[in-house]
Amino acid sequence: EHSKEQVAESLAPFLADLLTVLIQGPLSWTGTDQGSVTVRVRAIGATACLAQASGGGEAFGPSSYNRVMPGLLATCQLNSVDLAGAAIEAATLIGQAVGKETFQSDAHQLLQQWILPLLQRQQQQSDDGDGDFSALLEPLLLAC
């Protein structure tokens, strides 16, 4: 089994190219529909996996973060629950990978503009509370 450091070192030379392919393909933030929802959701997930596997920090540093986060935040605004949910989850995972200093302002934006309204709607519709969102809320609240 490979250590996290070995995986991050192996991934580092390819990270920029992988992100470029994802951003220019299924994650194109130009507003055009670049493939099915399923493909886009998986590409969003792959982006979060790259951030986590690279160990965040220097490997998935500010330049990578700044390339993907604006698109994820824009995707949160789409009418597709699947895409918006995947983008919120990926943004949270990427935020965990890069750390509080880098993610803090975007965490505030996610929390205020999307998470809290979703929680309010969910609570209005169900007495069960926020079970589906608890895994997303903890890292966001820690970053705030």
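Tutor: Gladly! Let us begin with one word: contact means heavy atoms within 4.5 Å. Take Ser-64: leaving aside its neighbours within four places in sequence, Ser-64 is in contact with Leu-15, Leu-19 and Ala-59. Before going on, note that this is a predicted model, in which local features need pLDDT of at least 70 and side-chain atom pairs count only at pLDDT 80 or more, while totals for chains, interfaces and linings use all residues. Residues are numbered from 1 along each chain as its sequence is written, and side-chain values use heavy atoms, with hydrogens and water left out.

Student: How many helices and strands are there in the chain?

Tutor: Helices (H or I, at least four residues) and strands (E, at least two) are DSSP runs, numbered from the N terminus. Here the chain has six helices and zero strands. Along the sequence the pattern reads α-α-α-α-α-α. Ser-64, for example, is found in helix H3.

Student: Is Ser-64 buried or exposed?

Tutor: Buried means under 20% relative accessible area, exposed over 50%, and partly exposed in between, using a 1.4 Å probe and protein chains only. Ser-64 has a relative accessible area of 8%, so Ser-64 is buried. Across the chain, 40% of the 144 residues count as buried.

Student: Which residues of H3 are buried?

Tutor: They are Ser-64, Tyr-65, Val-68, Met-69, Gly-71, Leu-72, Leu-73 and Thr-75. Look at Gly-71: its relative accessible area is 1%, so Gly-71 is buried. Gly-71 and Ala-87 are 16 residues apart in sequence, and their C-alpha atoms are 8.6 Å apart in space.

Student: What span should H3 have, and what do its end atoms show?

Tutor: The expected span of a helix is 1.5 Å times one less than its number of residues. The 14 residues of H3 should span 20 Å, and its end C-alpha atoms are 20 Å apart, which agrees. For H1, the 21 residues should span 30 Å, and the end C-alpha atoms lie 28 Å apart, which agrees.

Student: Where are the kinks in H1 and H3?

Tutor: The bend at a residue is the angle between axes fitted to the seven residues ending there and the seven starting there. In H1 a kink of about 55° is centred on Phe-14. H3 has a kink of about 25° at Val-68, shortly before the proline Pro-70.

Student: How do H1 and H3 lie relative to each other, parallel or antiparallel?

Tutor: Axes are lines fitted to C-alpha atoms, for helices over the stretch in contact, and angles run from 0 to 180 degrees between N-to-C directions. Angles under 35 degrees count as roughly parallel, over 145 as roughly antiparallel, 65 to 115 as roughly perpendicular and the rest as oblique. The axes of H1 and H3 come within 11 Å and cross at roughly 10°. That makes H1 roughly parallel to H3. Leu-15, Ala-16, Leu-19, Thr-20 and Ile-23 of H1 make the contact with Ser-64, Arg-67 and Val-68 of H3.

Student: And what about H2 and H4?

Tutor: Their axes come within 8 Å and cross at roughly 5°. That makes H2 roughly parallel to H4. Among the residues that meet are Val-41, Ile-44 and Ala-48 in H2, and Ala-86, Ala-90 and Ile-94 in H4.

Student: What covers the buried residues of H1?

Tutor: The cover includes H2 and H3. The buried residues of H1 are Ala-8, Leu-11, Leu-15, Leu-19, Leu-22 and Ile-23. Leu-11 has a relative accessible area of 13%, so Leu-11 is buried. Not counting residues up to four places away in sequence, Leu-11 touches Leu-18, Leu-50, Ala-53 and Ser-54. Leu-11 and Ser-54 are 43 residues apart along the chain, yet their C-alpha atoms are separated by 6.3 Å.

Student: Which residues touch the most other members of the largest nonpolar core?

Tutor: A nonpolar core is a set of buried Ala, Val, Leu, Ile, Met, Phe, Trp, Tyr and Cys residues joined through side-chain atoms within 4.5 Å. Of the 34 residues in the largest one, Phe-60, Met-69, Leu-72, Ile-94 and Leu-110 touch the most other members. H1, H2, H3, H4 and H5 each supply at least two residues of this core. The largest share, nine residues, comes from H4.
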